[in-house]
Amino acid sequence: MEREDPLERLERKEAERKQNGSARTLMYVMIVVAAVLAAVLAYVLYQKTTLVGQLNIEKQELTEQIIALQGDYEALSSDYDAINLQLDSSREEVAQLIDRIKNTEATNRVKMRQYEKELGTLRSIMRGYIVQIDSLNQLNHKLTVDAANARREAAEHRRRSEQLTAQVETLTDKVVTGSQLKARGIRLEAYNNAGKVVDRSKNVTRLLVTLSLVENALAEAGPVRIYVRVKDPAGNLLDDGRGTSFTLGGETLAATASREVDYEGQEVELSIYVNNIPAFDKGIYTVEAFTSQSRLGSAELMLR
């Protein structure tokens, strides 16, 4: 058996020592690398967990904001059909947006950013509704106030018109009343065949009515007919056979006799004979004088 050369043995041992040292170094390096990788992985997992938690919080906040906006839309109302239709459409959009957010993962940031934009758009639309409704309410209030003022003004104009009409009617009535002919000195006398005034019924052949139409500047000038109605003591209307009648206040009245005179606003005296009466009884005879517009007056005659 050959004896190993001491030098070779030394070289061999040195080589083995170096080989073992390299293996240990490599092992140490791998341990360090594994530790670093484990630390990095733990950090990444921590960051991911933190990010997911933050995204879930953001999703929850976004959901709460949209739900709050949904409540604002529900509370918003108007008296205008066109706006109500638009509100219903926007409420449906809000409800659909809530459903989409609930069905989307918080980590889908693209979708979440899109939902945030839609939320902002719906808020802007709602502010537009509020401004529009407020403007319409103000306009409606103004129109209501204007209408109330117009009604008050119309009522005031109507009151003034009625008052003026009443004044005109009053003045017209006064003018009409003032323009009516008036008479004075109405007398009823009895005459015999000799043309003398008598008071015994057996001597009477005719009656005479005399009166004066007084001066009246308001009265209409021109021809005017005077009617007389003479009644005997029994209250029967005397008839001279001519069938004279006239209308007063819508009622047609028979007259005993009549006469037309020309009236020019100055006082006029006139006489009207009652003829063709077969006989006269004892008692009180009455006469009433008229125009077709008014009653002029009356008088009495006592026959024995």
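Contact, for these notes, means heavy atoms within 4.5 Å.

**Ground rules**

I am working from a predicted model, where local features need pLDDT of at least 70, side-chain atom pairs count only at pLDDT 80 or more, and totals for chains, interfaces and linings use all residues. Residues are numbered from 1 along each chain as its sequence is written, and side-chain values use heavy atoms, with hydrogens and water left out.

**Overall look**

I began with contacts: of those in the chain with a separation of 6 or more, 68% are between residues 24 or more positions apart. Next I looked up burial, where buried means under 20% relative accessible area, exposed over 50%, and partly exposed in between (1.4 Å probe, protein chains only). The chain has 304 residues, and 28% of them count as buried. I also noted that the chain exposes about 20600 Å², with carbon and sulfur atoms supplying 53% of that. These areas come from the Shrake-Rupley method with a 1.4 Å probe; for residues, only the protein chains shown count as cover.

For secondary structure I used DSSP runs numbered from the N terminus: helices are H or I, at least four residues, and strands are E, at least two. That gives 3 helices and 10 strands. Reading from the N terminus, the order is α-α-α-β-β-β-β-β-β-β-β-β-β.

I went to Leu69 in helix H1. Is Leu69 buried or exposed? Leu69 is buried, because its relative accessible area is 4%. Leaving aside neighbours within four places in sequence, I find Leu69 in contact with Val94, Leu119, Leu122, Arg123 and Met126. Arg123 is 54 residues from Leu69 in sequence, yet their C-alpha atoms are 7.4 Å apart.

Tyr28 also sits in helix H1, which covers residues 6-75. Tyr28 counts as partly exposed because its relative accessibility is 48%. With Met27 and Ile31, Tyr28 makes a nonpolar surface patch of about 320 Å². Patch residues have over 30% relative accessible area and no salt bridge; like charges are joined within 9 Å, nonpolar side chains (Val, Leu, Ile, Met, Phe, Trp, Tyr) within 5 Å.

**Aromatic pairs**

My cut-offs: rings of Phe, Tyr and Trp (its six-membered ring) pair if their centres lie within 6.5 Å; planes under 30 degrees apart count as stacked, over 60 as edge-to-face and the rest as tilted. I searched the whole structure and got 4 aromatic pairs. Tyr73 and Tyr129 are edge-to-face, because their planes are at 80°, with ring centres 6.3 Å apart. This pair links distant parts of the chain, with Tyr73 in helix H1 and Tyr129 in helix H3 (residues 109-179), 56 residues apart. Tyr73 is buried at 1% relative accessible area, and Tyr129 is buried too at 7%.

Tyr227 and Phe246 are stacked, because their planes are at 20°, with centres 4.6 Å apart. Tyr227 is in strand S4 (residues 222-231) and Phe246 in strand S5 (residues 245-248), so the pair ties together parts 19 residues apart in sequence. Both Tyr227 and Phe246 are buried.

**Salt bridges**

I counted a salt bridge when a side-chain nitrogen of Lys or Arg is within 4 Å of a carboxyl oxygen of Asp or Glu. The structure holds 11 of them. Arg113 and Glu58 meet at 3.9 Å, N to O. That pair joins helix H3 (Arg113) to helix H1 (Glu58), 55 residues apart. Arg113 also bridges to Glu116 at 2.7 Å, N to O; these two lie in helix H3, 3 residues apart, about one turn of the helix.

I looked up Arg187 as well: it bridges to Glu189, with the closest N and O atoms 2.4 Å apart. Arg187 is partly exposed at 46%, whereas Glu189 is buried at 15%.

Two strands pair if DSSP finds at least two bridges between them. On that basis 4 strands form an open sheet in the order S2-S1-S3-S8, with antiparallel pairing. Which are the edge strands? They are S2 (197-198) and S8 (268-274), each pairing on one side only.

S3 (residues 206-213) and S8 pair over 7 bridges, and Leu207 stands opposite Val274 in S8. S1 (residues 183-191) is joined to S3 by 7 bridges, with Leu188 opposite Val209 in S3. S1 and S2 form a hairpin with 5 residues between them, and Gly195 in the turn has a positive phi of about 80°.
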